[in-house]
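The points are meant to be read next to the model.

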Amino acid sequence: TYGDTTDARVEGIAPPKDVYEDWGGLTVSMSSTSLGGFDRGFQQLIQYPYGCLEQQVSRLVPFIALREIAGQFGVPWPGPDKKKAAVDNELNAWLSTYLFGTPDASEQKAPEQKDPDLVIESTVKSILALQDGDGSFRYWPSSMCSDAWTSTYAALTLYRAQEVGFQVPAERL
């Protein structure tokens, strides 16, 4: 169930019959924004183990969007080249807590890179490593030829990463 209210909202939960009382559970979460509950999906996006061009680009798109909307939630983000340490630490602490849970949330395992900027930077570098001399992109490092559709997708996403302040050499676009 989801929705919004300016006064109050009442929801009912009817447990199923014939369940084991000592097995399973119920988790209820509430959020003051429409972003409530997306943390698990985002964690899956970060931890997805495959790395072809399309998968890497599709992983990068939400990170870029997250950076664009961070300011809407009162967390300023001037971009990786213009950051001051305090702003950087504040934003990354907020994102790490939101995406990966509080430090004492032992049931949640954060990926090795908690800093969203490092995830973006490493993904940009990995995508650029798949670019051929003619500007097109290969699906895998071992691919013999490039693909027009995913090359376009990669170029568009790299351009968006550059727009939000990440280093993408102009000649690579």
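1. Helix H2 (residues 53-69) packs against helix H4 (residues 116-128) at an angle of about 145°, and their axes are 10 Å apart. Axes are lines fitted to C-alpha atoms, for helices over the stretch in contact, and angles run from 0 to 180 degrees between N-to-C directions. On the H2 side the contact (heavy atoms within 4.5 Å) includes Val-57, Leu-60 and Phe-63, and on the H4 side it includes Val-119, Ile-120 and Val-124.

2. The model is predicted: local features need pLDDT of at least 70, side-chain atom pairs count only at pLDDT 80 or more, and totals for chains, interfaces and linings use all residues. Residues are numbered from 1 along each chain as its sequence is written, and side-chain values use heavy atoms, with hydrogens and water left out.

3. The chain has five helices and zero strands. Helices (H or I, at least four residues) and strands (E, at least two) are DSSP runs, numbered from the N terminus. Of the 173 residues, 30% are buried; buried means under 20% relative accessible area, exposed over 50%, and partly exposed in between (1.4 Å probe, protein chains only).

4. Leu-156 belongs to helix H5 (residues 148-163). Leu-156 counts as exposed because its relative accessible area is 52%. Leu-156 and Val-57 are 99 residues apart in sequence, but 9.4 Å apart in space, C-alpha to C-alpha.

5. Met-30 sits in the segment before helix H1 (39-47). With a relative accessible area of 80%, Met-30 is exposed.
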